[in-house]
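Visitor: Hi, can you walk me through this one? I'd like to start with a ligand.
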Amino acid sequence: MKILVCISNVPDTTTKITFTNDNTQFNTSGVQFIVNPYDEIALSRAIELCEGGKGTVTVINVGDSSTDPTIRKALAIGADDAVRINALPRDAYFTAYQIAEYAKTADFDLILCGRESIDYNGAQVAAMIGEFLDIPSVSIIKKLDYDGATATLEREIEGGKEVVSIHGKFIASCAEGVAEAKIPNMRGIMSARTKPLQVVEAADIPEVAKVVKFETPAPRSAVKLVPAEEAAKLIDLLHQEAKVI
Amino acid sequence: MSVLVYIEQAEGKFKKSGFEAVSYAKAIADAQATNLTAISIGNVGEAELKELGKYGASKVLNVSSDQLKSFVNQAYASVITEAAQKENADIIVLSNSFSGKGLSPRIAVKLKAGLVDGAVELPQTEGGKFLVKKNAFSGKAFAVTELTSANKIIALNPNAFGLKENPVEATIENFSPEIKSTDLAAIVKEIVRATDKVSLPDAELVVSGGRGLKGPENWGMIEELASLLGAATACSKPVSDADWRPHSEHVGQTGIAISPNLYIAIGISGAIQHLAGVSSSKVIVVINKDPEAPFFKVADYGIVGDAFEVVPKLIEALKAHKG
Ligand SMILES: Cc1cc2nc3c(=O)[nH]c(=O)nc-3n(C[C@H](O)[C@H](O)[C@H](O)COP(=O)(O)OP(=O)(O)OC[C@H]3O[C@@H](n4cnc5c(N)ncnc54)[C@H](O)[C@@H]3O)c2cc1C
Ligand SMILES: Nc1ncnc2c1ncn2[C@@H]1O[C@H](COP(=O)(O)O)[C@@H](O)[C@H]1O
């Protein structure tokens, strides 16, 4: 089986988020970039499914050459080869279009994404690729069993889960539970340097959405402390002052 | 030009987040001086459909079909797209729920529309631009996004806009679009729902516990506090990793992001990845025995003390408060 995993390049989860140029740009100075944590989960599951020569895993990223270290990290974790669509990912529509166009040129059985990228939190790309390719998409899955033809997935829903079965090609976006994220070992890191990374030029399509400005949440006023012995007072404050209960 | 809003249902009942979407869509339709149409898919009774009028939907398209009894995003996206075309709608509103996240992107592609996922405010339309504010960087920032396409889709975050009543008489029209078999390729085998509990993403009040609670056997008081408040329960990541609580309760950067009216964090330190999922809560209460716990920096109310002493006192006070 052939699996394609979409990986995005995002700021490390401990990054303090600041902006430059009049709050129009994310300040990347001093920021460590990583493989989006959910994409690591998707990649790890793809590698498990292909273990023992059952298939190959290709990773794909839409980005400029600055994302190459992140792609190499994915190869070190265990992907067989990589593709980079050479363009800055403008919006989810653009990104999904590029990935779908590439997917049409190669015969993938399964495409996996992360549930969302932790920077823009769109959770859009996976289902958009599904629509561009006219194949089923299942968003935010917690479990994936797949034998190369038929899959059983568990999808998260409010207050529960849904079990979905699909025969044939599909795309899914993965959340925690699908797999334990694999950590690259020394052999992986060495071999990643020589694994193929193909660079493909992007297709030009009209823009549908763009971020014009970032804002940071208003700082909260100082905490009002209630002494532990008078804990009951908190209930009054929540009722009378905050008016939330 | 008009606005179309899709309302999610479960077992024939609309969700609160769906009524919020109608309230929000009505405000957009008013600002644009245009009509609002609501669409419901699945088997929903007339009385429930009429409820949509309360929030300003004067016209309701009712798609009732056994094939569409359970949610299949491909088919639902086709139906909503067809409805948008029939109603000449250029703005589509839906909930940014688990199902909404699988649905809105497919409609966006069908209509070549820009999509804002996780909107937190009404659109701003000064200067001929269409700007929508949304959560970004896991709650650490907002991104004001301009939709430059002719058709526009907005997925509203639960509990971001609230319910706004705007009573009108809803006219119900049955709508039966053709459904392609290829749109039904994903088959829902089973739905498991814990119906006795408040669902976390929709909850207005949330009581959450962390590693400071020491073990799963100590969650009784958390459950009791939550049930007295009518709140949902949540937890930090290490708690669900250790299987003290189910993964569906894990909030934060790698769990779910919530924005309830009240978030009570008990025995949680307030790591940046945890705050990412809860910092847009309207009121935050922190109970922690360590006065230096970072969570106090973002809290509105706090108690420095041992959870095992404080929580029983809160339970008592709440019982007294409720009479
Ligand atoms: C990539 C990445 C992603 C992550 N994603 C998430 C995420 O989504 N969500 C998340 O929660 N974490 C996440 N984490 C983990 C996060 O960094 C913290 O480790 C975690 O949030 C800590 O959980 P905690 O506060 O329950 O435990 P601890 O940090 O151990 O804190 C326990 C707290 O309880 C207090 N305490 C102890 N005993 C008592 C008592 N008797 N009464 C009152 N208070 C008491 C202590 O003072 C302490 O502040 C992530 C980490 C990484 C690296
Ligand atoms: N630039 C990108 N290149 C490749 N895959 C991406 C890119 N952006 C997003 N994705 C994939 O789409 C998922 C959802 O991203 P998003 O819709 O941006 O939240 C991510 O977890 C990735 O799997």
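Predicted model: local features only at pLDDT ≥ 70, side-chain atom pairs only at ≥ 80, totals over all residues.

Visitor: How much of ligand 2 does the protein cover?

Visitor: How many residues surround ligand 2, and which are the closest?

Guide: There are 19 around ligand 2. The closest are A:Cys6, A:Asp39, A:Ser117, A:Ala123 and A:Gln124.

Visitor: What does A:Asp39 do there, in terms of distance?

Guide: A polar side-chain atom of A:Asp39 lies 2.5 Å from an oxygen atom of ligand 2. A:Ser117 also has a side-chain N or O atom by the ligand, 2.7 Å from an oxygen atom of ligand 2.

Visitor: New topic. Where does ligand 1 lie?

Guide: Ligand 1 lies between chains A and B. It is surrounded by 27 residues. The closest are B:Ser236, B:Ser269, B:Gln273, B:His274 and B:Asn288.

Visitor: Which polar atoms come up to ligand 1?

Guide: One is a side-chain atom of B:Ser236, 2.6 Å from an oxygen atom of ligand 1. Another belongs to the side chain of B:Asn288, 2.7 Å from an oxygen atom of ligand 1. B:Gly212 uses its backbone: an N or O atom there lies 3.4 Å from a nitrogen atom of ligand 1.

Visitor: And how much of ligand 1 does the protein cover?

Guide: The protein covers 78% of the 990 Å² of accessible area that ligand 1 has on its own.

Visitor: Which helices of chain B each supply at least two residues of that shell around ligand 1?

Guide: Helix 6, helix 7 and helix 8 (307-322) of chain B.

Visitor: Let's take B:His274. Buried or exposed?

Guide: B:His274 is buried, because its relative accessibility is 7% and the cut-off for buried is under 20%. B:His274 sits in helix 7 (residues 272-278) of chain B. Beyond four places in sequence, B:His274 touches residues including B:Cys235, B:Ser236, B:Tyr263 and B:Phe295.

Visitor: And B:Asn288, buried or exposed?

Guide: B:Asn288 counts as buried too, at 11% relative accessibility. B:Asn288 is part of strand 16 (residues 283-288) of chain B. The side chain of B:Asn288 reaches the backbone oxygen of B:Ile268 at 3.1 Å. Its contacts beyond four places in sequence include B:Gly267, B:Ser269, B:Phe296 and B:Gly305.

Visitor: Last one, backbone angles. What is phi of A:Lys243 near?

Guide: Phi of A:Lys243 is near 55°, a positive value in a residue other than glycine. A:Lys243 lies in the segment after helix 6 (232-241) of chain A. A:Lys243 is exposed, because its relative accessible area is 64% and exposed means over 50%.

Visitor: What about B:Asp243, where is that?

Guide: B:Asp243 is in the loop between helix 6 (237-241) and strand 15 (262-266) of chain B. Phi of B:Asp243 is positive, near 65°. B:Asp243 is exposed, with a relative accessible area of 63%.

Notes:
Residues numbered from 1 in each chain as written. Chains lettered and ligands numbered in written order. Heavy atoms only, no water. Helix = DSSP H or I, 4+ residues; strand = E, 2+ residues; numbered from the N terminus. Buried < 20%, exposed > 50% of the residue type's maximum accessible area, 1.4 Å probe, protein only. Contact = heavy atoms within 4.5 Å. Polar contact = N/O pair within 3.5 Å; in protein donor to acceptor, adjacent residues only side chain to side chain. Near = heavy atom within 4 Å. Areas by Shrake-Rupley, 256 points an atom, 1.4 Å probe, with all protein chains shown as cover.
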